[in-house]
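Subject: Structure handover

Hello,

Here is the structure I promised to pass on. Please open it alongside this note, which sets out what turned up.

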Amino acid sequence: MTALMVEVTRRLPDRWLTSTLGAGTLWLAVAALAVRLGHSRAFSVAEVVAAIRAVSSLVQDRPAEALAYVPLAVGAAVAVSSTARLIGGGARALWLGRWHGPLATLGGRLTLWRADRARERLRAAGVRLPSAYLPRTATWIGDRLLMADTRISAQYGLSLALVWPRLWQLVGEDIRALVRQARARFDLACTIAGWAACYGALVAFWWPAAIVAGVVFAAAWRRGRLAAAVFADAVESAVDLRHRALAEELGHHLEPGRALPPSVADAINDQLHKGDTPQRPRNDG
C-alpha cells in the first residue's frame, strides 16, 4: 500500500501539470500575445519577438520581480482551466442532447429535422427501421448513446439502466479498462470544447483567435464522437457477452445455446427494479 501511495503521489503532479497548469499557461501566453498584437498587427512577428525579449529581460535583470509574478500566473492558469472544465460540462450536456430551458424548442426542432432526414435516407435506400431507431435527440452523440439502450432492449428485453451496474461486477478487466478509457476520452473532448470557447473569447482582441477556436472545437467534436462510439460499443459488447452470466447469477436457469426468453428478461428487470417495473402484456396461451 505504501508503494502504491508513493506511485500515485508521483504521477498526480505530472497529470496536473499537463491537464491544468500547462493548458492554462498556454492560454495565458496566447491571451497576452492577443492583447499585444491586436487586430491591426495580427501576424506581426516583430511584436512576438519583442514580447519574448521583454519576458527574457525581466527574468534576467529582475528575477525577484519575475518570481513574484509566478504565483499570479499559476493562479490565473488554474482559474482559466477551471473555467474551461465548467464550459466543457455545458458542452457535454449539449452533446448528449440535454437541451433545456431556452434551447429546448431549438433542440426539439433539430431532433425532428434529423429524424426526417434519416427517414428520407432510409426511404431512398429502400430500408425500414422501427421509430425507436430514428434520431431522438438533437445530436449524433446523444443518439448513439441512446441507441445502446434501444438495441439491448430490442435484442434481449433488458433495461440497460438496470442491468449495467450489476453487469459491471461480472465483466473482465479488459472491458472495464475500455469503458473507462472511452469515458475519460469523452470527458477530455468536452474539456477541449471548453478550451475552444476560452480561445474564442480572445476574438475581441485578436481576430485570428476565431480560427484557433474553430480548429480546437472541430478536434473536440471529432474526439467526442469517436469516444462516444467506442463507449457505446463497449457497453453493448459487455451485455452481449455477459448477460447470460448475469441471469444465472440472479438465479435464472437458461438452456444452453438458447436465446434469453422474454419471460426471463421481464423477470430480471422486475427483480433488479425491486418489483417496480411495468410488465409487458403477454399471451401465454
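**Overall layout**

From the N terminus on, the elements of the protein chain run α-α-α-α-α-α-α-α-α. That is nine helices and zero strands. Please keep in mind that this is a predicted model. Of the 285 residues in the protein chain, 34% are buried. Take the contacts between residues at least 6 apart in sequence: 67% of them join residues at least 24 apart.

**Helix α2**

Start with α2, residues 45-61. This helix has 17 residues. From first C-alpha to last it reaches 24 Å, close to the 24 Å expected at 1.5 Å a residue. Buried here are E47, A51 and L58. Seen down the axis of α2, the buried residues fall within an arc of 45°, so they line one face of the helix. The general rule behind such a pattern is that an α-helix has 3.6 residues a turn, so residues three or four places apart point the same way. On the other side of α2, the exposed residues are V45, A46, I52, R53, Q60 and D61.

**Helix α4**

Next is α4, residues 104-125, with 22 residues. Its first and last C-alpha atoms are 32 Å apart, close to the 32 Å expected at 1.5 Å a residue. The buried residues of α4 are G107, T111, R114, A115, A118 and L122. They cover an arc of only 100° around the axis, which puts them on the same side of α4. What do these buried residues pack against? Their partner is α5 (140-156). The face turned away from the buried side of α4 carries R109, L112, R123 and A124, which are exposed. After α4 comes G126, with a positive phi near 70°.

Two packed helices are described by the angle between their axes and the distance between the axes. I looked at two such pairs.

The crossing of α3 and α7 is right-handed. On the α3 side, the contact is made by V80, S81, T83, A84, R85, I87, G88, A91, R92 and W95. On the α7 side, the contact residues are F186, D187, A189, C190, T191, A193, G194, W195, A197 and C198.

The second pair is α6 (residues 160-167) and α8 (residues 209-249). These helices pack at an angle of about 75°, with their axes 10 Å apart. That makes α6 roughly perpendicular to α8. From α6, the contact uses L160, V163, W164, R166 and L167. From α8, V235, A238, V239, R242, H243 and L246 take part.

G224 is found in helix α8. Is G224 buried or exposed? At 0% relative accessibility, G224 counts as buried, because the cut-off for buried is under 20%. Leaving out residues up to four places away in sequence, G224 touches W95, I141, F186 and A189. Of these, W95 also belongs to the α3 side of the α3-α7 contact. F186 and A189 belong to the α7 side of that contact. I141 lies 83 residues from G224 in sequence. In space, the two are 7.8 Å apart, C-alpha to C-alpha.

Best wishes

Notes:
Residues are numbered from 1 along each chain as its sequence is written. This is a predicted model: local features need pLDDT of at least 70, side-chain atom pairs count only at pLDDT 80 or more; totals for chains, interfaces and linings use all residues. Side-chain values use heavy atoms; hydrogens and water are left out. Helices (H or I, at least four residues) and strands (E, at least two) are DSSP runs, numbered from the N terminus. The expected span of a helix is 1.5 Å times one less than its number of residues. Buried means under 20% relative accessible area, exposed over 50%, partly exposed in between (1.4 Å probe, protein chains only). The arc is that of the directions from the helix axis to the C-beta atoms. Contact means heavy atoms within 4.5 Å. A crossing is left-handed if the near helix is turned anticlockwise from the far one by less than a right angle, and right-handed if clockwise. Axes are lines fitted to C-alpha atoms, for helices over the stretch in contact, and angles run from 0 to 180 degrees between N-to-C directions. Angles under 35 degrees count as roughly parallel, over 145 as roughly antiparallel, 65 to 115 as roughly perpendicular and the rest as oblique.
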